[in-house]
Every structure is written in structure tokens, then in C-alpha cells.
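Here are some notes to read alongside the model. Have a look at it first, then go through the points.

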Amino acid sequence: LAWAIHNARLFQETLELKEFNEQALQMVPLPVLLLDRNLNVVFANQSYVEYTGIPYDHLIQRPLKEARPKSYLVSEEGRKELEGLFISGETVHLERLTVGAEAYRNRVIDMLISRVEAPDGRSLALVVTEDITESLEKAYESSLLRRISQTMEGILDIDRLLYATLTCVTAGTALGFNRAILLLVNQEENL
């Protein structure tokens, strides 16, 4: 009887620990995913659900290949990274991965993959993803503005300066403008 009570207490503690760990992972503001060796989704936090747009029920206990067939982790390269992780146990940090998105443009992400041990002894892959697309775009725009201002400082002829300004704001993706107009005011003629 004493063993039964002890085992019941241990089982209850294990359940409480599992619930605590899941609550802690839910609090992480980045998308978090737990995968087993067969790439079945064991856990996904709310941030992951929101990031992917896939309902929680369509993720949990399903193969990642079915839930997110276009995921980097399903690709041959991604599977090799996961296999290496399960063999060596060394954390993998993948930087600036370009991944396809459902929308019109690709996204750039950083991905951290670590091996963790589940209470039942299974090895799981903990995948944390950070979308860095917007920060890279802001850095590019800031660099572009700096180069534009440096170029403008070196031009003394007003016509060349105006031409350069219009070209800079409309060239390529530049600052997001595909058209621009420059209106000049003539104060002498009140125009």
C-alpha cells in the first residue's frame, strides 16, 4: 500500500511538472515548437499558432510534414539538422534562413534548435523561431537613407539634387515609393 501511495504521489508530481513546463513555454513571446524524433508535433505555444495561422488541433500529435509541409524542418536540410541534433545533442543556431511565406514575399528567420529530455525519457527537439524580416528591412532603409543624405550633401547644383532625390526615393524597392512628384514654389510670381 505504501508503494502505491508513493507511486501515485510521483505520478501527480510528474503531471504537475509537465503542466508547469507547458505554462512556461506558453509565456515565451516567440514561436516555440516541440518535436519528437519522428517529427511529430508534441507541443506548440500560442505564439507559434498565431505566427503560422494553423489551429492548435491541426498541429498537436500530427507529423510536421502534414501540419506544415513547407516548413524548413521538413526539408532535407532541416531533417539533417534535426538528426544531427538528436545524435550529438549540440544546440543548432540557424541564422538568416529565407523561408517561403503564404504572402507575396519571403520571410527571414533565425531558428534555435535544442535537444531536451521529456519526463518520460524521450528526446525532443525544442525549436524557437524569430522572424527578423522587419528588423532587416529597417536596417536596410536606414542605410539607404544615410547613403542618400551623404550623396545629397555633395551635390551643389539644385537641378541635379532634385533629380537625385526623385531617383533615390523611387528606384527599386527603395523606400517603398514607385512614383513621386516634386512641386516647386515660385515666391516671386506667387505660384
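1. Accessible areas here come from the Shrake-Rupley method with a 1.4 Å probe, and for residues only the protein chains shown count as cover. On that basis the protein has an accessible surface of about 13,600 Å², and carbon and sulfur atoms hold 55% of that surface.

2. Keep in mind that this is a predicted model, where local features need pLDDT of at least 70, side-chain atom pairs count only at pLDDT 80 or more, and totals for chains, interfaces and linings use all residues. Residues are numbered from 1 along each chain as its sequence is written, and side-chain values use heavy atoms, with hydrogens and water left out.

3. On overall shape, the C-alpha atoms fill a box of roughly 105 × 35 × 30 Å along the principal axes. The radius of gyration (over C-alpha atoms) is 26 Å, while a compact globule of 191 residues would be near 16 Å, by the rule of 2.2 Å times the number of residues to the power 0.38.

4. You'll find six helices and five strands, in the order α-β-β-α-α-α-β-β-β-α-α. These are DSSP runs, numbered from the N terminus: H or I of at least four residues for helices, E of at least two for strands.

5. Now zoom in on Ser123, in strand β5 (residues 123-131). Is Ser123 buried or exposed? Ser123 counts as buried because its relative accessibility is 13%, and buried means under 20% (exposed is over 50%, partly exposed in between; 1.4 Å probe, protein chains only).

6. Beyond neighbours within four places in sequence, Ser123 is in contact (heavy atoms within 4.5 Å) with residues including Asp36, Phe86 and Glu117.
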